[in-house]
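Thanks, everyone, for making the time this morning.

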Amino acid sequence: MTLDDDPLGPLDPNFAAQFVRDDRRPACQLYLISPPDVGGDYPDRLARALDSGPVAAFQFRVKGVDQHQAARLAEPLQRLCADRDVAFIVNDSISLAKRLGADGVHLGQGDGDPREARAMLGPQAQIGVTCHDSRHLAMEAGEAGADYVAFGAFYPTTTKAVRHVPEPVILSWWTALFELPCVAIGGITPDNAAPLVAAGADFLAVCGAVWNGDEAAAVRAFADLLGGGDA
């Protein structure tokens with residue numbers, strides 16, 4: 001589905017020009033996503049990243065390992081997040097999130113229903129849903145009880161295959177109409193993030209921009225962009 005295929009139809013191109021971010025919404029925050037390999041010295045790298053600037057949440061995203069191994073890999077990372085009051089979110093797997101007692105789960109469109117996640121994880125869990133470039137999917141997620149919706153990929157990324165490329169105006173439309181937070185994802189760097197913040201993103205989800213280089217410097221750069229450089 002492309003934005004033009006959205007059942008709601010295309011967005012008014014003038015919407016972005018008229019958009020002004022509501023000062024009553026919290027400032028945009030950083031949402032870290034793990035790289036595919038979280039073994040070896042990765043816990044030390046995560047600690048460096050989390051200690052270099054404000055991070056709201058960390059998503060544990062590993063592929064191709066069984067749940068027992070995933071749980072072993074997650075344990076030290078979850079502890080680092082807990083010690084720093086950073087939400088620990090499990091990607092895709094409601095059952096792994098429950099096993100770990102994680103703070104929440106992030107669901108792709110094929111990973112289960114937010115209602116199922118809520119029933120399994122309880123009222124305090126943070127449940128996010130990937131909505132690609134679809135306002136329709138985002139509204140469905142909100143109605144199903146999601147705590148946030150994620151749009152993207154806004155920029156080219158090697159983290160995962162890209163089939164949906166929304167325009168930043170979808171963030172403006174969402175935040176103008178709904179209180180539910182929205183996450184921008186996909187190839188976001190300190191150099192290209194500003195338009196997404198201006199468009200209304202509540203969180204920037206980043207992976208390669210942090211882990212493909214000096215994680216501490218990258219987090220500091222995002223902190224400067226988001227106004228948290230002195231935290």
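Let me begin with the lining of the largest pocket, to which strand E1 (29-33), strand E6 (148-152), strand E7 (182-185), strand E8 (203-206) and helix H9 (208-211) each contribute at least two residues. Please keep in mind throughout that what you see is a predicted model. Strand E6 provides the largest share of that lining, namely four residues. The volume of this largest pocket comes to about 640 Å³, and of the 37 residues that line it, those closest to its centre are Arg61, Ala153, Thr157, Lys160 and Ile185. Sorted by class, the lining consists of 16 nonpolar, 15 polar and six charged residues.

As background to both cases, most peptide bonds are trans, and most residues other than glycine have a negative phi.

Which way does H2 run relative to H3, roughly parallel or roughly antiparallel? Helix H2 (residues 42-50) and helix H3 (residues 67-83) pack at an angle of about 15°, with 10 Å between their axes, and since angles under 35 degrees count as roughly parallel, these two helices are therefore roughly parallel to each other. The crossing of H2 past H3 is right-handed. On the H2 side the contact is formed by Tyr42, Pro43, Leu46, Ala47 and Leu50, and on the H3 side by Pro76, Leu77, Leu80 and Cys81; by class, that contact holds nine nonpolar residues, with no polar and no charged ones.

H2 also packs against helix H10 (residues 215-226), here at an angle of about 25° and with the axes 8 Å apart, so that H2 and H10 are likewise roughly parallel to each other. The crossing of H2 past H10 is right-handed. In this contact, Arg45, Arg48 and Ala49 of H2 meet Glu215, Ala216 and Val219 of H10, which gives three nonpolar, no polar and three charged residues.

Note on methods. Residues are numbered from 1 along each chain as its sequence is written. This is a predicted model: local features need pLDDT of at least 70, side-chain atom pairs count only at pLDDT 80 or more; totals for chains, interfaces and linings use all residues. Side-chain values use heavy atoms; hydrogens and water are left out. Axes are lines fitted to C-alpha atoms, for helices over the stretch in contact, and angles run from 0 to 180 degrees between N-to-C directions. Angles under 35 degrees count as roughly parallel, over 145 as roughly antiparallel, 65 to 115 as roughly perpendicular and the rest as oblique. A crossing is left-handed if the near helix is turned anticlockwise from the far one by less than a right angle, and right-handed if clockwise. Contact means heavy atoms within 4.5 Å. Ala, Val, Leu, Ile, Met, Phe, Trp, Tyr, Cys and Pro count as nonpolar, Asp, Glu, Lys and Arg as charged, and the others, Gly among them, as polar. On a 1 Å grid over the protein atoms alone, a cavity is a set of points where a 1.4 Å probe fits but cannot get out, and a pocket is an open set with protein on both sides within 12 Å along at least five of seven lines; lining residues have an atom within 4 Å of a point. Grid points are joined across faces, edges and corners, and a volume is the space filled by probe spheres set on the points.
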